[in-house]
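Here is a friendly tour to keep beside the viewer while you look around this protein. Please load the sequence and the model, and we will take the topics one by one.

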Amino acid sequence: MSRGQFEMFQELLRNVSENSPFYREKFRKNGVDVREITSMDMINILPFTTKEELRDAYPLGLQAVPEEKIVRIHSSSGTTGKPIIIPYTAQDVADWAEMMSRSYQIAGITPKDRIQITPGYGLWTAGIGFQAGCEKLGAMAVPMGPGNTDKQLQMMMDLKSTVIIGTSSYALVLAEEVEKRGLRSEIKLKKGVIGSERWGEKMRQRIKNELGIDIYDIYGLTEIYGPGIAIDCDCHDGMHYYDDFLYFEIIDSVTGEVLPEGETGELVITTLRKEGAPLLRYRTRDLTRIIPGKCECGLSYPRIDRIIGRTDDMVKVKGVNIYPGQIDEILKEVDGVSSEYQIIIDHINGKDVMTLKAEYNSDGDTAREDIEFNIVDLFKKRIGIHIIAEISGIGSLPRSEKKSKRIIDYRQN
Ligand code: ZN
């Protein structure tokens, strides 16, 4: 924990109690008296803040400073219904640039680098956040925005971009085009900073190999500044986050209980310094864990693990929360099995029964029984429950874009 974290937290509580109509009302409704909070751990007497509440505060219900202090708004894309609007003060914009600049430095990016930014600019936070951090660092931004692959590749060659910023899917498109057009020797890229949408190890390796770059996962969300609040270091063993700006908790997303360090659950974030729209215990719906201990790189910023999924994808079997990301991790470790799977959950004779169906790997020469045994064994060790494993030929399982569709739960019927 960084020095002064609790002092910042107290200041935040004083500030929202006085200046945020949103939190004043929330505290009143929940009977919260912030003066009772005398240590950081007592944060758990505060109610959570949810995405729905932010949506209901549309357009500017979250604003906690006078009009003249707001310099900009951003908005989450919002696939359904109203979007979420987040107002920023000049200090918020500067703080975000500071975190992004740190993130670049942790990824080993320097003022001599040329950063090609392919996420969009505008209402959402991606492009402009990467840009501001780049300028603060003193590197050269190549602010492309999304699409137009021909032009992206042209600029990448002519301007000798050394860093590419983007989503994993767009980085893969670029990697494939570079390969197809035989441009590899003309590309000067060294590093890729890739947004933290969930993506597989195979895709990561392909981008890495085809572009010949080192890849860093970056994390963030519009509600909490935007991207740049956590990033991989050279050890690639979790993402460092900035505990002098943000307070992270991991909770059981069903009970709301705070989980001990190291356990996987929903990430909850409190903004210690935000002015425009401060948030207390915001439920991100992202699943990860806080990695215990210090990173080998020597940085003292704490770490979270890669995001393994969303709370919406979670299932509870025999009283244990299971996330699709955990199943991916287990299958990756078992020889002879591909990454495709399907989970069937049923309730038979008063007990939950979980069956994991997976496919032979095309080049696998491990016996079917051994694969099944290894899956069952690893599941028991890692997740703590007994399951049934069924292995079938490659291509026998239905293919689906959405990971959550891979889980069929008959218990609800
Ligand atoms: Zn590190």
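Let's begin in helix α9, where the buried residues are P324, G325, Q326, I327, D328, I330 and L331. Buried here means under 20% relative accessible area, exposed means over 50%, and partly exposed is what falls in between (1.4 Å probe, protein chains only). Please keep in mind that this is a predicted model, in which local features need pLDDT of at least 70 and side-chain atom pairs count only at pLDDT 80 or more, while totals for chains, interfaces and linings use all residues. Residues are numbered from 1 along each chain as its sequence is written, and side-chain values use heavy atoms, with hydrogens and water left out.

**Helix α9 and its cover**

- Helix α9 spans residues 324-333 and is mostly covered, with seven of its ten residues buried.
- Helices (H or I, at least four residues) and strands (E, at least two) are DSSP runs, numbered from the N terminus.
- The cover over the buried residues of α9 includes β17 (320-322), β18, β19, α10 (368-382) and β21 (407-409).
- Contact, here and below, means heavy atoms within 4.5 Å.

**The zinc site**

- Which protein atoms are the donors of the zinc ion? They are C233 (SG), H240 (NE2), C295 (SG) and C297 (SG), and they lie 2.1 to 2.3 Å from the ion.
- Donors are N, O and S atoms within 2.8 Å of the metal (3.2 Å for Na, K and Ca); water is not among the atoms, so sites may look incomplete.
- Along the chain, the zinc donors are spaced as C-x6-H-x54-C-x1-C.
- The zinc site is tetrahedral, with angles of 103 to 116° among its four donor atoms.
- Four donors count as tetrahedral if all angles lie between 85 and 135 degrees.
- For reference, the ideal angle for four tetrahedral donors is 109.5 degrees.

**Helices α1 and α2**

- Helix α1 (residues 5-19) and helix α2 (residues 21-30) have axes that come within 6 Å and cross at roughly 95°.
- The axes are lines fitted to C-alpha atoms, for helices over the stretch in contact, and angles run from 0 to 180 degrees between N-to-C directions.
- α1 and α2 are therefore roughly perpendicular, a label that covers angles of 65 to 115 degrees.
- V16, S17, E18 and N19 of α1 meet P21, Y23, R24 and F27 of α2.
- By class, this contact of α1 with α2 has four nonpolar, two polar and two charged residues.
- Ala, Val, Leu, Ile, Met, Phe, Trp, Tyr, Cys and Pro count as nonpolar, Asp, Glu, Lys and Arg as charged, and the others, Gly among them, as polar.

- F22 sits in helix α2 and is buried, with 14% relative accessible area.
- Leaving aside neighbours within four places in sequence, F22 contacts T49, E53, L54, A57, G61 and L62.
- F22 and E53 are 31 residues apart in sequence, with 9.3 Å between their C-alpha atoms.
- K51 belongs to helix α3 (residues 51-56) and is buried at 14% relative accessible area.
- Not counting residues up to four places away in sequence, K51 touches I84, E223, Y282, R285 and R310.

**Backbone features to check**

- As background, most residues other than glycine have a negative phi, and most peptide bonds are trans.
- R285, found in strand β12 (residues 282-288), has a positive phi of about 70° although it is not a glycine.
- N349 is also not a glycine, yet has a positive phi of about 50°.
- N349 lies in the loop between β18 (337-348) and β19 (351-360) and is exposed, at 76% relative accessible area.
- Y58 and P59 are joined by a cis peptide bond with omega of about -5°, and P59 lies in the loop between α3 and β1 (70-75).

- R289 lies in the loop between β12 and β13 (290-291) and is partly exposed, at 24% relative accessibility.
- Beyond four places in sequence, R289 touches I250, G262, E263, T264, R303, I304 and D305.
- I308 is in the loop between β14 (303-304) and β15 (309-310) and is buried, at 16% relative accessibility.
- The C-alpha atoms of R289 and I308 are separated by 9.3 Å, with the two residues 19 apart along the chain.
- I308 and G200 are 108 residues apart along the chain, and their C-alpha atoms are separated by 10.0 Å.

Key. Tetrahedral: all angles 85-135°; square planar, octahedral: opposite > 155°, others 65-115°. Parallel < 35°, antiparallel > 145°, perpendicular 65-115°, else oblique.
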